[in-house]
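Have it open while you read.

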Amino acid sequence: MALIELRDVTKTYKRDAIEIPVLDRVSIDVPEGEYLGLMGPSGSGKSTLLNLLAGIDRPTRGSIRVGDTETSSLSERALAGWRARNVGFIFQLYNLIPVLTAFENVELPLLLTNLSKTQRRDHVMTALGIVALSDREKHYPRQLSGGQEQRVAIARAIVTDPRLLLADEPTGDLDAKSAGEVLTLLQRLNKEYKKTIVMVTHDPHAAERATRVLHLEKGTLVEQTPAAVGG
Amino acid sequence: MKFIGLVLKGARRSKRRTLLTVMSVAIAVFLFASLRAVLDGFNAATEASSSTRIVTLRSTSLFFSMPTSHAEGIKSTPGVQDLTWANWFGGVYKDPQYFFAQFAIEPDSYLRMYPEIELTPEDRKAFLDDRTGCIVGDGLAKRYGFKVGDKITLQVGIPIYGTRDFDFNVRGLYKSGGAAVDNQSMFFHWKYADERSIQPGQVGWFVAQISNPDQATQVATAIDEKFANSPNETKTDTEKQFQATFVSMFGNLNLLLGSIALAVVITTLFVAGNTMAMSVRERTTEIAVMRTLGFPSSTIFLLVAGEGLMMAIVGGIIGVSLARLIVTPDLMQAGAFIPVFGVNNANAVMALLLSAGIGIFAGLIPATMASRLKIVDALRRVA
C-alpha cells in the first residue's frame, strides 16, 4: 500500500470573483520510502500540491490519504496535530525563527509533545548530529551560512522522526556547494533513515537525486520520468 | 511552562519596542495608582472621622467665619458635651512652595477632643503653657527638620492677621493616632492669632463632642436652629460629612480623577494593542511556519496573548513599585489635605489587575489575527 494516495485532487483559488484552477484531477501514489521529485514551470501547481500533502491547504475536490489518515477530511486542529506527528517540512528560505538558537529552532516541534526537557535535548542533539551541526547548537540563524541554516531547518523537520519529509525548493536559495550538501543529506535521510521524501524543485540536478520525478504543467501531471541518478 | 521561553524570546525580538510598551503601561499604572491614592486618602479621612464629633460652619461657606459668641449657644445645646474651635491660618513658611497646613486652635479643648493627636505629657504641658508655642506632626518635622525648641517664623497669608510675621516655638512633635488627623500639620494657640487679628473674636469652625452618635442629626439641627435668621447662620454636620464637604470643595474628585485614569488607560490600551499588532504583522511568516510545524491556532493565540500579558504585568509591577516609592507624604506635599497618603495594598492589587487587563485586552486582536492566519497565504507573501 502506498504511503501517500492522491485521488482526483483538484484545487482552485478564488481571487475576487474569478476562479483560478491550480490543480486539475491529479492522482498520485507515493510508496513508503520513495524519494519523489516534483518538477514543472512556475505556476504549474507543484508547491500547491506540496501544501496539500502537508495539510496546510485543502483540496477543492478529491481525496488525500497519508498512511491511514484521510487528511482532506480532518478538522483544522486535528490536522495541526497530524502535521506535528507525521510531516517534516523544509522551506526554500529555511524559515528559522531568528530570535531562537539552532537548538531552540530544532526543539520547536518537540514543544508540542509530552517529552521531558532531557528527552527533548537528546532528540535535538541527535537531529543536529545527523545534519553535522552539533557544534552550532548555540548559534543564532544570523550566525550561520545559508547552507547551515538549511541543515538546521532539516534537523527541525526530522526531529520528531516523521514518516514524510516535504521539501519546497530546498536548494533554491543556496550556492552549488551548499546545495550539493543539502541534496546529499536528503538522499541520506531517504536511504539510511527510510524517510519518504517529496521534493519540489526547478533544478534538474536536484531532481536527479530523486528515485522518481513527476512533471506538472498547468495543474496536470504530464509526464513521469525515472530519475537519472538515485534509486 | 515550556512555552514561557518562547514568550520571553518573542518579547526580546525588538527590545526597544518592548521597553517602550512596558514603560507606557508602567506610566499608566503609576498614574492610576497615584490618582487612586488621592481618592483613598480622602476617603480614609472621611471613614476615620469620629461619630461623636459634629462640626459647625457658617452656612454660606467654610471660608466665612463666625463670632466666638456662638460657643455658648452651641455648648448649651442638649446632647453637646464638649466644644472646641479652630481657624485656618494659611501662613507662609519661607516660600509658598513650602506649604503645610497650620491651624489656630483652642488648645485645651482641642487636644481633649482629638485624642488622635498623640503627644507626650511633657510636650503637651509645654505647648499649653506657651502662648506662642506650637506642635507639629512628626511627618512635617521630618520633612523640614523641625525639632523641639526650634523657632518657626510664618509670614501672614491671610490679610486679616495683619502684616507682621508670626514667630512660634516648637513645643512638641505629635504622632497621628488615626486617619482623622494627619501628621503633616501645625497647631498653635488660637488666642495668639486672634490678638493680632484685625477682626478679633472670629472662629472658622466649631467642633462639638456629643454624647450619643445616634442623635447627631437632632443635635446638629438644634444648633443650626439657634442661629437661624441671625447674621451668622450655621450649618452643622457630622465630622464625616464635614470631611466630605471639604473634599467636595475640590469638585467631583471621583469623576475628575476617574476620567483622567480612564483616558490614560484607554490610550495605553490602544498603544499596547497597536504595538502588538505591528509585532504580529512582522512575524507573519514565523507564525505560518509554526502553524506548519503543527502548532494549533489556540497555542499561537496563547503565545501572542501571553507576550502582551507579560509585558503589561511587568509594566504594572514597575508602575506600582514607582507609585509606592514616590506617592508618599514625605515626597508629595499632599499630607496636609490627605492625612493618609500612599498606595495601599488594595490599590496596588487593583493597579496590577488593571495592567493585566490592559495586557489581555491589548493582546486580543493581535492574538486573534495570529491564530486565524492562513498558512498558505502567509507563506506565499514571502516566497
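1. Start at one pair of facing residues in chain A: Glu5(A) sits opposite Asp29(A) of strand β2(A). Strands here are DSSP runs of E with at least two residues, helices are runs of H or I with at least four, and both are numbered from the N terminus. Two strands pair if DSSP finds at least two bridges between them.

2. A word on the ground rules. This is a predicted model, where local features need pLDDT of at least 70 and side-chain atom pairs count only at pLDDT 80 or more, while totals for chains, interfaces and linings use all residues. Residues are numbered from 1 along each chain as its sequence is written, with chains lettered from A and ligands numbered from 1 in the order in which they are written.

3. Back to those strands. β1(A) and β2(A) (residues 18-30) run antiparallel, joined over 9 bridges. They make a hairpin with 2 residues between them, and Asp16(A) in the turn has a positive phi of about 55 degrees.

4. β1(A) (residues 4-15) also pairs with β4(A) (residues 61-66), again antiparallel, over 5 bridges. Here Thr10(A) has Arg61(A) as its bridge partner.

5. Now the helices: how do α5(A) and α6(A) cross? The axes of α5(A) (residues 146-158) and α6(A) (residues 176-191) come within 9 Å and cross at roughly 20 degrees. Axes are lines fitted to C-alpha atoms, for helices over the stretch in contact, and angles run from 0 to 180 degrees between N-to-C directions. The two helices are therefore roughly parallel (angles under 35 degrees count as such). Their crossing is right-handed, meaning that the near helix is turned clockwise from the far one by less than a right angle.

6. On the α5(A) side of this contact are Gly146(A), Gly147(A), Gln150(A), Arg151(A), Ile154(A) and Ile158(A), and they meet Ser178(A), Glu181(A), Val182(A), Leu185(A) and Leu189(A) of α6(A). Contact means C-beta atoms, placed from the backbone, within 7 Å. The contact residues split into 5 nonpolar, 4 polar and 2 charged. Ala, Val, Leu, Ile, Met, Phe, Trp, Tyr, Cys and Pro count as nonpolar, Asp, Glu, Lys and Arg as charged, and the others, Gly among them, as polar.

7. Between the chains, 19 residues of chain B are in contact with 21 of chain A. On the chain B side, α11(B) (284-293) and α14(B) (375-382) are the elements giving two or more residues. The largest share, 6 residues, comes from α11(B).

Note on methods. Parallel < 35°, antiparallel > 145°, perpendicular 65-115°, else oblique. Contact = placed C-beta atoms within 7 Å.
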